[in-house]
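This briefing goes through one protein model by topic. Please keep the sequence and the coordinates open while reading.

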Amino acid sequence: MTTRASTWRVPIALVALGTVPVIAGSLRLVELSGGTETMPSDARYTASPLPVVLHIVSATVFAIVGAFQFSTGFRRRRPGWHRRAGRVLVIAGLVVALSALWLNQFYPRADATREVLYPLRLAFGTAMVLTIILGFAAIRRRDIARHRAWLMRSYAIGLVAGTQVFTLGIGGRLFGNADLTTALWMGAAWVINLAVAEWDIHRPLAHRTRRAPTAPRLATSR
């Protein structure tokens, strides 16, 4: 019982981390479909909603379904589901990254937010595309260790909106909500997520295998 429960701790934590941005995205979809406005209005989104819809839907799939790829027990019991879900997640992750890059390019913001966040979003959006491609290529070669590492990095990048809820909340209370401060705290979320991913990737194998004998994978070969 204890072992089974422990295999779900990470997925549950990841789902919880993604809950707030998923809810916010769902409310934005309701607004774009003509429903009641519950989010701050933005004329840029209503003028060209398709990339916004693609980003929200793919990000929701990537965040929620991707979390269950980290349950070692579930992967062992349902290897077929793991492989099929992995293929879906590769596509969803690429849509997340490419739509984010599109939004960054064509929905720019002014002042410090653009000066700081534009290059950060460009860099991390590109990095997400590359890590997904490298992770998929690794599993095609049956290189599970590199596959695991690359896709953990891509998931860390893709889950940044959840961490930004905390960095913006804490940073706003401590340092205020000026444009530059807000942009920096949003950027800090990528650093935090990738730092956690790198810690898990590079920590001693003995500690990792006691908790997770099978490496997490988001995709696999046919």
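Which residues form a nonpolar patch on the surface? They are Val20, Val165, Phe166, Ile170, Leu174 and Phe175, and together they have about 610 Å² of accessible area. The model is predicted. The protein chain has 11 helices and 0 strands, and buried residues make up 41% of its 222 residues.

**Overall fold**

- Read from the N terminus, the elements run α-α-α-α-α-α-α-α-α-α-α.
- The helices taken up below include α2 (residues 9-32), α5 (residues 72-77), α7 (111-140), α8 (residues 144-158), α9 (residues 160-175) and α10 (residues 179-202).

**Nonpolar patch and helix α9**

- Helix α9 gives the most to the nonpolar patch, with 5 residues.
- One of the patch residues is Phe166, which is found in helix α9.
- Phe166 has a relative accessibility of 52% and therefore counts as exposed, since the cut-off for that class is over 50%.
- Val20 is also listed among the residues of the patch.

**Packing of α9 and α10**

- Two packed helices are described by the angle between their axes and the distance between the axes.
- For α9 and α10, the axes come within 8 Å and cross at roughly 135°.
- The two helices, α9 and α10, are therefore oblique to each other, because an angle has to be over 145 degrees to count as roughly antiparallel.
- The crossing of α9 and α10 is right-handed.

**Salt bridges**

- Side chains of opposite charge can pair when their charged atoms come close.
- The whole structure holds 4 salt bridges, among them the pairs described here.
- Asp143 and Arg146 meet through their side chains in a salt bridge, with an N to O distance of 2.9 Å.
- Asp143 has a relative accessible area of 18% and is therefore buried, as the limit for that class is under 20%.
- A salt bridge also joins the side chains of Asp200 and Arg148, at 2.8 Å from N to O.
- Asp200 lies in helix α10 and Arg148 in helix α8, so this pair ties together parts that are 52 residues apart in sequence.
- Both Asp200 and Arg148 are buried.
- Arg203 forms a salt bridge with Asp200 too, and the closest N and O atoms are 2.8 Å apart.
- Arg203 is buried, as is Asp200.
- Through shared partners, the salt bridges join Arg148, Asp200 and Arg203 into one network.

- Arg142 sits in the loop between α7 and α8.
- The phi angle of Arg142 is positive, at about 65°, although this residue is not a glycine.
- With a relative accessibility of 59%, Arg142 counts as exposed.

**Buried glycines and their contacts across the sequence**

- Gly73 has its place in helix α5.
- A relative accessibility of 3% makes Gly73 count as buried.
- Between Gly73 and Thr7 there are 6.1 Å from C-alpha to C-alpha, and they are 66 residues apart in sequence.
- Gly125 is found in helix α7.
- The relative accessibility of Gly125 is 8%, so this residue counts as buried.
- Gly125 and Ala97 are 28 residues apart in sequence, while their C-alpha atoms are 5.1 Å apart in space.
- Gly187 lies in helix α10.
- Gly187 also counts as buried, at 7% relative accessibility.
- A C-alpha separation of 9.8 Å is found between Gly187 and Phe124, which are 63 residues apart along the chain.

- Ile23 lies in helix α2.
- At 47% relative accessibility, Ile23 counts as partly exposed, because that value falls between the limits for buried, under 20%, and exposed, over 50%.
- The C-alpha atoms of Ile23 and Thr60 are separated by 9.2 Å, and the two residues are 37 residues apart along the chain.

Conventions. Residues are numbered from 1 along each chain as its sequence is written. This is a predicted model: local features need pLDDT of at least 70, side-chain atom pairs count only at pLDDT 80 or more; totals for chains, interfaces and linings use all residues. Side-chain values use heavy atoms; hydrogens and water are left out. Patches are made of residues with over 30% relative accessible area and no salt bridge: like charges are joined within 9 Å, nonpolar side chains (Val, Leu, Ile, Met, Phe, Trp, Tyr) within 5 Å. Accessible areas come from the Shrake-Rupley method with a 1.4 Å probe; for residues, only the protein chains shown count as cover. Helices (H or I, at least four residues) and strands (E, at least two) are DSSP runs, numbered from the N terminus. Buried means under 20% relative accessible area, exposed over 50%, partly exposed in between (1.4 Å probe, protein chains only). Axes are lines fitted to C-alpha atoms, for helices over the stretch in contact, and angles run from 0 to 180 degrees between N-to-C directions. Angles under 35 degrees count as roughly parallel, over 145 as roughly antiparallel, 65 to 115 as roughly perpendicular and the rest as oblique. A crossing is left-handed if the near helix is turned anticlockwise from the far one by less than a right angle, and right-handed if clockwise.
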